[in-house]
Amino acid sequence: MSALRIVLVGYGPVGARFVEELLPSVERGDVALTVVGGEQTEAYNRVLVAEYAVGNTDLDAMLVGDAAAVEAAGARMLLGVAATSIDRASRTVRLGTGEELPYDRLVLATGSRANVPTLDGVERHRRDLSSLEKYARQLVARDDELPEGITALRDLADAGRVLETVRARRRIIVLGAGVLGLELALAAAHAGAQVCVVHHGPHPMPRNLDRGGGQVLRAALRRTGITVIAHSRAEAVAFRTDENGRRRFDMLVTADGKQLRGDLLVLSCGVSPRNELATLAGLRTAVGVVVNERLQSWSDPDVYAIGDCAQVTPRTEELAGQRVLPGAPSGLIGPGWRQASWLAAAFTDEAAGRGADAAVPAERDPIVMLKAEHIDVVAVGEIAADPWDDDALHPRGRVSQWADPEHLRYVKMVTEDGVLTGFVSVGMPRTAAELTLLFERRGELPADRSLLLRFDGPDYDPAADTDAFAPTSTVCWCNGVTVGRIEESAACGNTTVECVGRDTRAGTGCGGCKGRIADVLARAAEADGTPSLTA
């Protein structure tokens, strides 16, 4: 039986996880794997690009792949090479080098690109089918070119431009107040840069936070030294000529007449899946590449998609006839990793002649975390309900809310028949950790909701809370690592957060669980009488 030929297009963190999980099949000769990556660099965790951009981490700490080990196992690695088209009839992928790669299964892990907003002075390109057919060479596997002094923050080249500005302690304007933009703003401000955040919503993180949480977060940003300008829609950019005679960014102009000068404009206005290859190949696309519960394209059973480019939507007769489809890629690394692991296992079974699971497990609402020094924000689920909503309209729903704006603390909990369905937490990291556990378990809240506030009280002792340290309690949501797995790792000599990450992958995704990993290690060290080394 010949090996199953698999071509993977995209070698980011999700692609790297897919390769890692598939490698045993490659070594056995069951799978012939070819990996096409647009960047010359080894796969790295893009979630940490903001940290890299301000000098808080280095590339080695971000790496999630090992191209040398992959090649040693027998796979073919093509880094710094672009895939330019897919011929579904002949089942081949054409590369920018002119080479054509045959496949039995094609996996798209092309990720997403930063959105370029409509601004006078900044050129942006449409990527619909008509535009792609006319300008494929300029648009496929390419990002929009931005003027000097304007950047997004998606790769190492973007991070390098930000780092240069931060080290010179110049003024950075961040356009957009989502999680990524705020993490960059906070990291840059702590590194000594002057930072201004501009957004047109009523408060930061408007998609994730209610008004109370957003207002407390805004106050926390301002106390950090960040200028926050809300309700301002960016309209245009102005330029100046620098000392080298180059035209570069000088000013952001808003619709209400504000003129904001800066040295670097960072666009943080969301992302869009990289769908160009799929669109040109005639595959069904909506927000992302449309795939079913087996991550298989609606249009071609030999093509799959995972990660930021995959829009998982069950195929029904009703949906098949609709132009607009429900759902969208999550944009988070955890779901992408789980898709990669599931698909690699499915291909492993196929190549070995075994049956596979019927569908990738459904994801729950994603947990959104803002990770920054001295500011902790966690939100998940439906949080639009108000404490003063009419009970007759929502007889089973209840809302509990607690605020201490002076000390930058806020919690809102939404329940249905006592079960937590959503929450917002600002400045309450231990309460947020407990609420996260309850949300994942679909657990009921205590009748007296105020008991949950004790977790961030001055007298709380984490070591005394046995439930939070139960072996089955999840610590790392991105990789599904439990307390018990971390304790096993610690018992084998992995006594630091970094060592545990290398052994179990815990903390290597969004990084929001590193504090809890440190707590588990500290508790494990106290139990056996050894010193705690959690740095």
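This is a predicted model: local features need pLDDT of at least 70, side-chain atom pairs count only at pLDDT 80 or more; totals for chains, interfaces and linings use all residues.
Trainee: How many salt bridges does a search of the whole structure find?

Mentor: First the idea: a salt bridge is a side-chain nitrogen of Lys or Arg within 4 Å of a carboxyl oxygen of Asp or Glu. Searching the whole structure gives 34 of them. One joins the side chains of Arg113 and Glu276, at 2.9 Å from N to O. Arg113 sits in strand S8 (residues 112–114) and Glu276 in helix H9 (residues 276–280), so this pair ties together parts that are 163 residues apart in sequence. Helices (H or I, at least four residues) and strands (E, at least two) are DSSP runs, numbered from the N terminus.

Trainee: Are Arg113 and Glu276 buried or exposed?

Mentor: Buried means under 20% relative accessible area, exposed means over 50%, and partly exposed is in between (1.4 Å probe, protein chains only). Both Arg113 and Glu276 are buried.

Trainee: Which residue forms a salt bridge with Lys371?

Mentor: That is Glu183, with the closest N and O atoms 2.8 Å apart. Lys371 lies in strand S21 (residues 368–372) and Glu183 in helix H7 (residues 179–190), so the pair ties together parts that are 188 residues apart in sequence. Lys371 is partly exposed, at 22% relative accessible area, whereas Glu183 is buried, at 6%. Salt bridges can also form a network, and here one links Arg5, Arg91, Asp104, Arg105, Asp302 and Glu350.

Trainee: Now for sheets. In what order do the five strands of the open sheet come?

Mentor: Two strands pair if DSSP finds at least two bridges between them. In this sheet the order is S21-S22-S25-S24-S23, and the pairing is antiparallel. S21 and strand S23 (397–404) are the edge strands, each pairing on one side only. From one strand to the next, the twist averages 10 degrees.

Trainee: How many bridges join S24 to S25?

Mentor: Seven, and the two strands run antiparallel. For example, Val414 has Gly422 in S25 as its bridge partner. S24 and S25 form a hairpin with two residues between them, and Asp417 in the turn has a positive phi of about 55 degrees. On another pairing, strand S22 (residues 375–381) meets strand S25 (residues 419–426) in the antiparallel sense over five bridges. There, Gly381 stands opposite Gly422 in S25, and Val380 has Phe423 in S25 as its bridge partner.

Trainee: Which strands of the sheet does helix H12 touch?

Mentor: Contact means heavy atoms within 4.5 Å. Helix H12 (residues 429–441) packs on the sheet, touching S22, strand S24 (409–416) and S25, and its direction makes about 160 degrees with that of S25. Axes are lines fitted to C-alpha atoms, for helices over the stretch in contact, and angles run from 0 to 180 degrees between N-to-C directions. S25 itself is mostly covered, with six of its eight residues buried.

Trainee: How do I describe two packed helices, such as H13 and H14?

Mentor: Two packed helices are described by the angle between their axes and the distance between the axes. The axes of H13 and H14 come within 10 Å and cross at roughly 110 degrees. Angles under 35 degrees count as roughly parallel, over 145 as roughly antiparallel, 65 to 115 as roughly perpendicular and the rest as oblique. H13 and H14 are therefore roughly perpendicular to each other. Arg485, Ile486 and Ser489 in H13 meet Val500, Asp503 and Thr504 in H14. Asp503 and Arg485 also form a salt bridge, with the closest N and O atoms 3.5 Å apart.

Trainee: Last topic: how many residues does the largest nonpolar core have?

Mentor: A nonpolar core is a set of buried Ala, Val, Leu, Ile, Met, Phe, Trp, Tyr and Cys residues joined through side-chain atoms within 4.5 Å. The largest has 78 residues, and Phe18, Leu33 and Leu108 have the most contacts inside it. Helix H11 (residues 333–351) gives the most to this core, with nine residues. A second, separate core of 46 residues includes Val162, Ile226, Leu370 and Val426.

Definitions and conventions:
Residues are numbered from 1 along each chain as its sequence is written. Side-chain values use heavy atoms; hydrogens and water are left out.
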